[in-house]
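Please look at the sequence and the structure first.

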Amino acid sequence: MIIRMLRITPDQKENAAKEAREILKTLESCLNPNKPFNGSQNLSFMDIAIVWVGYYAQMLEKMLDVILLDDDNTPLLNMWFRYVLDLQVIKECLPPFDKLVAHYTDFHERHMTTR
């Protein structure tokens, strides 16, 4: 999903965003609405393995001016990403958001000029 979004042209943006939202809805269907994280109060392997998707989805939203995560389509996933991404231990392990956006914006622009 992420690589595909980075390779789209402006006219493909909305269709790609729609496909990405469907993938995220599928991921959300695996969450338990009654329990935070993966069924406990502690981070699980799944939480750690999947949290990067939320971080990169936010990056793509900012970079490409699209909506991938919102409270109407993926409320549980959106809440889960916000909660996990706000944990200090997770923040310490992720690259700075602005640098990530700048890096992938540059990558996207260079890729689009070589097409």
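The model is predicted: local features need pLDDT of at least 70, side-chain atom pairs count only at pLDDT 80 or more, and totals for chains, interfaces and linings use all residues. Residues are numbered from 1 along each chain as its sequence is written, and side-chain values use heavy atoms, with hydrogens and water left out. The protein chain contains 6 helices and 0 strands, where helices (H or I, at least four residues) and strands (E, at least two) are DSSP runs numbered from the N terminus.

**Overall form and confidence**

- From the N terminus on, the order of elements is α-α-α-α-α-α.
- The C-alpha trace of the protein chain spans about 45 × 30 × 20 Å along its principal axes.
- The protein chain has an average pLDDT (the predictor's confidence in each residue, from 0 to 100) of 86, and 93% of the residues score at least 70.
- Confidence is highest in helix H2 (residues 13-28), at a mean of 91, and lowest in helix H1 (residues 2-6), at 79.
- Where pLDDT is low, the predicted coordinates should not be read in detail.

**Packing of H3 with H6**

- Helix H3 (residues 45-64) packs against helix H6 (residues 97-113) at an angle of about 60 degrees, with the axes 10 Å apart; axes are lines fitted to C-alpha atoms, for helices over the stretch in contact, and angles run from 0 to 180 degrees between N-to-C directions.
- That makes H3 oblique to H6, given that angles under 35 degrees count as roughly parallel, over 145 as roughly antiparallel, 65 to 115 as roughly perpendicular and the rest as oblique.
- The contact (heavy atoms within 4.5 Å) involves residues of H3 including Tyr55, Met59 and Leu64, and residues of H6 including Phe97, Val101 and His108.
- The residues of this contact of H3 with H6 divide into 9 nonpolar, 3 polar and 2 charged; Ala, Val, Leu, Ile, Met, Phe, Trp, Tyr, Cys and Pro count as nonpolar, Asp, Glu, Lys and Arg as charged, and the others, Gly among them, as polar.

**Packing around H4**

- H3 and helix H4 (residues 75-85) pack at about 105 degrees, with their axes 9 Å apart, which makes H3 roughly perpendicular to H4.
- Among the residues in this contact are Ile50 and Gly54 of H3 and Trp80 and Val84 of H4.
- The axes of H2 and H4 come within 8 Å and cross at roughly 80 degrees; H2 and H4 are therefore roughly perpendicular to each other.
- Leu24, Leu27 and Glu28 of H2 meet Pro75, Leu76, Leu77 and Phe81 of H4.

**Leucine 94**

- Leucine 94 lies in the loop between helix H5 (88-91) and H6.
- Leucine 94 touches Tyr55 and Leu85, not counting residues up to four places away in sequence.
- Leucine 94 and tyrosine 55 are 39 residues apart in sequence and 8.5 Å apart in space, C-alpha to C-alpha.
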